[in-house]
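This report describes selected parts of one protein model. Look at the sequence and the structure first, then read on.

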Amino acid sequence: MESLGKTIEMLCKEKGISKEDVIAAVKTGIINAAKKAGYRGNLVVKIDEDGKDFGIYQEKEVVETVENPDYQITPEEAKALTGEEKNIGDKVLVEIKAEELGRIAAKAAAQVIHEKITEAERKALYDYYREKIGDIISGTVKQIMRNGDIIIDLGRVVGVLPKEEQIPKERYRLGDRIRAYIYDIVFDYRHYKKRGKSRIADYPPPYVILSRTHPKFLKRLMEIEIPEVAEELVEIKAVAREPGIRAKVAVDTKEEHIDPVGACIGVKGSRILPVSRELSGEKIEIIRWTEDTAELVARALSPAKVLHAESYEDEEGELRVEVVVPDDQLSLAIGKHGVNARLASKLVGQIVGIDIIKESDFKKIQELESLEGEE
């Protein structure tokens with residue numbers, strides 16, 4: 001049965017699955033064939049380590065009187081079969097000749113083997129891409145769904161770029177090459193974020209869920225473009241994004257000779273510009289990280305100038321930061337549609353909100369507090 005061994009080796013290479021999984025599939029198929037041919041009882045398949053020889057057997061128990069021939073055998077029959085004395089209760093393997101299985105049974109075996117190998121292949125792909133979560137991958141736009149999701153051809157599997165994971169202003173066409181962040185991998189896409197019916201079922205699972213809006217996509221791109229980040233000389237402490245519009249990245253280093261902000265930006269923006277272009281022109285601001293929450297917020301509100309920043313707990317015990325800016329920079333600190341303030345809050349993370357106050361209003365508040373104190 002050298003051909004069986006070659007078949008097993010070929011399947012392992014072509015499908016990228018283990019020999020154990022292939023052998024398990026073959027065993028299941030052979031047992032199914034035996035059942036189709038009418039054999040019952042405890043069916044056992046044995047395949048040698050090289051996969052070059054196999055046999056299928058009925059495992060029978062030695063009994064004094066046979067009541068069910070599919071499960072039992074007499075001591076005399078056992079001795080005639082094995083050439084050895086057998087005691088009551090012993091187990092004996094009775095071989096089933098492969099030619100007795102028949103053509104129909106063999107076809108059924110082939111079908112089961114195919115199904116089991118396909119299942120094993122999908123599991124192997126799932127395990128492979130599960131390990132790739134957090135990486136960047138590239139593929140080709142294969143289909144644009146009615147619900148806005150995009151199917152990406154990744155080779156052996158398809159990726160799905162959900163509508164909400166796409167940069168809003170980007171438009172895609174069939175055949176476009178696209179890079180994205182591997183966010184998740186699933187077998188059933190219908191249950192992913194409670195989606196209903198989808199033509200994704202036209203493609204075999206597993207499905208690699210992709211994102212171009214995830215903050216870690218920006219972080220991974222910076223690791224690719226900036227050697228100091230890749231070598232962990234510069235650490236990305238936090239990332240906040242308004243995809244396709246603006247992003248803020250807080251960086252730090254323990255190396256005294258390295259300017260982490262300058263290292264990320266590069267000469268005339270040479271390092272950060274490729275990242276920005278990949279994100280459809282998303283404006284990326286790099287700031288220096290600090291453990292001081294109020295100071296971090298002040299830095300994160302750049303390009304606005306912050307005159308004063310102080311953290312405090314509100315009535316519910318939640319942390320907030322009060323920031324004072326020049327009157328003519330209030331709109332700059334808040335940003336268009338509140339983007340700048342929102343990104344600053346996201347970057348710091350643990351803050352419930354930021355109170356941005358004009359300098360003139362802050363002085364009035366101080367005067368009132370001073371008068372109340374005198375009274």
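## The sheet

Strands S10, S11 and S12 form an open sheet of 3 strands, in the order S10-S11-S12 and with mixed pairing. Helices (H or I, at least four residues) and strands (E, at least two) are DSSP runs, numbered from the N terminus. Two strands count as paired if DSSP finds at least two bridges between them. S10 and S12 are the edge strands, since each pairs on one side only. From one strand to the next, the twist averages 20°. Strands of a sheet pair through backbone hydrogen bonds, either parallel or antiparallel.

S10 and strand S11 (residues 246-253) run antiparallel and are joined by 8 bridges. Valine 234 has threonine 253 in S11 as its bridge partner.

## The model and its numbering

The model is predicted: local features need pLDDT of at least 70, side-chain atom pairs count only at pLDDT 80 or more, and totals for chains, interfaces and linings use all residues. Residues are numbered from 1 along each chain as its sequence is written, and side-chain values use heavy atoms, with hydrogens and water left out.

## Helices on the sheet

Which strands does helix H5 touch? Helix H5 (residues 215-225) packs on the sheet and touches S10, S11 and S12; its direction makes about 140° with that of S10. H9 also packs on the sheet, touching S11 and S12, and its direction makes about 145° with that of S12. Contact means heavy atoms within 4.5 Å. Axes are lines fitted to C-alpha atoms, for helices over the stretch in contact, and angles run from 0 to 180 degrees between N-to-C directions.

The buried residues of H5 are Phe217, Leu218, Leu221 and Met222. Buried means under 20% relative accessible area, exposed over 50%, and partly exposed in between (1.4 Å probe, protein chains only). These four residues lie on the same side of H5 because they cover an arc of only 135° around the axis. The arc is that of the directions from the helix axis to the C-beta atoms.

## Two nonpolar cores

A nonpolar core is a set of buried Ala, Val, Leu, Ile, Met, Phe, Trp, Tyr and Cys residues joined through side-chain atoms within 4.5 Å. The largest has 24 residues, of which Val297, Val323, Leu347, Ile354 and Ile356 touch the most other members. Two or more residues come from each of strand S10 (234-242), helix H9 (293-300), strand S14 (319-325), helix H11 (339-348) and strand S15 (353-358). H11 gives the most, with 6 residues. Another core, of 23 residues, lies apart from this one; among its members are Leu218, Ile226, Val249 and Val251.

Leaving aside neighbours within four places in sequence, leucine 347 is in contact with Ala238, Val239, Ala240, Lys248, Val249, Ala250, Ile287 and Ala300.

## Backbone features in loops

A cis peptide bond, with omega about 5°, joins proline 205 and proline 206. Proline 206 lies in the loop between strand S8 (177-186) and strand S9 (207-211). Serine 302 and proline 303 are also joined by a cis peptide bond, with omega about 15°. Proline 303 is in the loop between H9 and strand S13 (308-313).

Glutamate 232 is not a glycine, yet its phi is positive, about 65°. Glutamate 232 lies in the loop between helix H6 (227-230) and S10, and its relative accessibility of 70% means that it counts as exposed. Serine 280, also not a glycine, has a positive phi of about 60°. Serine 280 lies in the loop between helix H8 (272-278) and strand S12 (283-288) and is partly exposed, with a relative accessible area of 24%.
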